[in-house]
Amino acid sequence: MKPAVKVTITGAAGHIGYALAFRVASGDMFGQDQPVILRLLEIPQAISSLNGVGMELEDCAFPLLHDIVLTDDPSIGFRGTDYAILIGAKPRSKGMERKDLITENAKIFSNQGKSINDHASPDVRVLVVGNPANTNALIAAANAPNLKLSQFTAMTRLDHNRALGQLANKTNSLVSDITRMTIWGNHSMTQYPHIDNCQINGKPVFDLVNQDWAIDHFIPRIQRRGAEIIEARGLSSAASAADAVVDHVHDWALGTRDDDWVSMAVHSDGSYGIDEGVVFSFPVKCKNGEYEIVQGLEPDDFSIARLKASEKELLEERKIIEDLLPNR
Ligand code: NAD
Ligand code: LMR
C-alpha cells in the first residue's frame with residue numbers, strides 16, 4: 001500500500017471544512033488506492049466542535065483514513081503536511097464584497113504562511129480558500145521564504161465549475177461534454193468567466209450560444225453566484241466549495257485531461273501581460289504535481305479590458321496588505 005498523504009484542513013469545524021473532511025477521507029481527492037492522514041486545525045473556541053468532527057470521521061470507518069490529528073496549534077496542524085488547505089477565515093454576509101474581509105482575515109494567512117514554512121513538508125502544496133482568496137495566497141507565500149511561489153495557489157475552481165454548470169444548462173449538454181472553460185483574475189466581482197475557447201463535444205461554443213448571452217447573462221451570473229447563494233441560504237456556499245477543493249487538489253496532484261484545462265489562481269509569471277505581483281486565475285494544465293499556465297490564447301480587446309480590471313483590483317488589494325509581504 002502507498003504511504004499515506006498528509007492533508008491539513010484549517011477551519012475544519014466550519015461549514016466548508018465539515019463538508020470537505022469526509023470527502024478527503026473517503027478517497028475522492030486522491031483516489032481509492034491512496035491512504036490519507038487528516039490534520040484538522042481550528043481555533044481554541046472551536047475545539048469542542050472539532051472533536052465532534054473527529055468522532056464522526058472515526059464512526060465512518062473509512063478504510064483509507066489512517067490517522068486523524070485534531071489541534072488548535074498550527075505547528076502541529078502543519079507538521080510534515082503534504083497538502084495545506086487554508087479555509088479557516090471569516091465568510092462575508094449579505095451586502096458585503098469579499099474584499100471587505102481583507103483586514104480581518106489577512107493576519108491569519110501571514111501567520112499560517114510562517115507556520116507552513118517552518119513545519120510543513122518542503123514539497124507542500126497550499127490551496128487558499130478563505131476570502132479574499134487570491135490576496136490571502138499572496139500573503140501566505142510571502143511569509144514562507146523557504147518555499148516556492150508555485151507551491152501556493154488560490155481557489156477559482158468553484159467559479160470554473162459554476163461556469164460549466166450554467167453553460168451545460170444553456171446548451172442542453174453535459175458538463176463532461178464541455179472543455180476549455182476559463183476563469184481569469186480575482187475570485188471577486190471582477191473575475192472574468194470566459195467561454196470563447198470552449199468546445200462542446202469538440203465543436204466551437206458559439207455554434208450553440210451567442211456573444212450577447214455570454215455578456216448579458218452568463219458573465220454577470222457567474223460573477224454574482226457567491227452572492228446569489230448567500231442571498232438564498234443566508235450562508236455562503238459550503239458543499240460546492242468543498243467539492244471545488246476536491247477538484248482543484250485532485251487535478252493538481254494527479255493531472256488534467258490532455259484535451260482540457262482547469263482554472264487555478266496562481267502567482268503570475270507575466271503571462272498575458274499580468275503583473276507578477278499578484279495571484280491571478282489562469283487556465284492551467286497539470287502534470288506530475290506541477291501546473292503550467294496555458295500559453296498562446298488570444299483574448300480579444302473586450303477580454304483584455306476585463307483581465308486588466310481584475311489585475312487592477314488585485315493590485316489595490318495588494319496595497320492594503322503590503323506590510324504583510326515581508327519577503328518577496
Ligand atoms: P465558517 O465560518 O463556517 O468556518 C470558518 C472556520 O474557520 C470556523 O470554524 C473558525 O473557527 C475557523 N477559523 C477561523 N480562524 C481560524 C484560524 N486562524 N485557524 C484555523 N481555523 C480558523 O466559514 P466557511 O463557510 O467554512 O468559509 C470559510 C472561508 O472560505 C470564508 O472566508 C469564505 O468566504 C471562504 N470561501 C471561499 C470560497 C472560494 O471559492 N474561494 C468559496 C466559499 C467560501
Ligand atoms: C463563493 O464564491 O461562494 C464564496 O467566495 C463565498 C462568497 O463570499 O461569495
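The model is predicted; local features need pLDDT of at least 70, side-chain atom pairs count only at pLDDT 80 or more, and totals for chains, interfaces and linings use all residues. Residues are numbered from 1 along each chain, chains are lettered from A and ligands numbered from 1 in the order written, and side-chain values use heavy atoms, without hydrogens and water.

**Shell around ligand 1**
- 25 residues surround ligand 1, each with a heavy atom within 4 Å of it.
- The closest are His-15, Glu-42, Lys-90, Val-129 and Asn-131.
- The shell divides into 13 nonpolar, 10 polar and two charged residues. Ala, Val, Leu, Ile, Met, Phe, Trp, Tyr, Cys and Pro count as nonpolar, Asp, Glu, Lys and Arg as charged, and the others, Gly among them, as polar.

**Polar contacts (N or O pairs within 3.5 Å)**
- A polar side-chain atom of Asn-131 lies 2.8 Å from an oxygen atom of ligand 1.
- Val-129 places a backbone N or O atom 3.3 Å from a nitrogen atom of ligand 1.
- Gly-14 places a backbone N or O atom 3.4 Å from an oxygen atom of ligand 1.
- Taken alone, ligand 1 exposes 880 Å², and the protein buries 87% of that (Shrake-Rupley method, 1.4 Å probe).

**Annotated domain**
- UniProt, in an unreviewed entry, places "domain: Lactate/malate dehydrogenase C-terminal" at residues 156-319; such annotations may be inferred rather than shown by experiment.
- This span is 44% helix and 19% strand (DSSP runs: helices H or I, at least four residues; strands E, at least two).
- The end C-alpha atoms of residues 156-319 lie 22 Å apart.

Terms used:
Polar contact = N/O pair within 3.5 Å; in protein donor to acceptor, adjacent residues only side chain to side chain.
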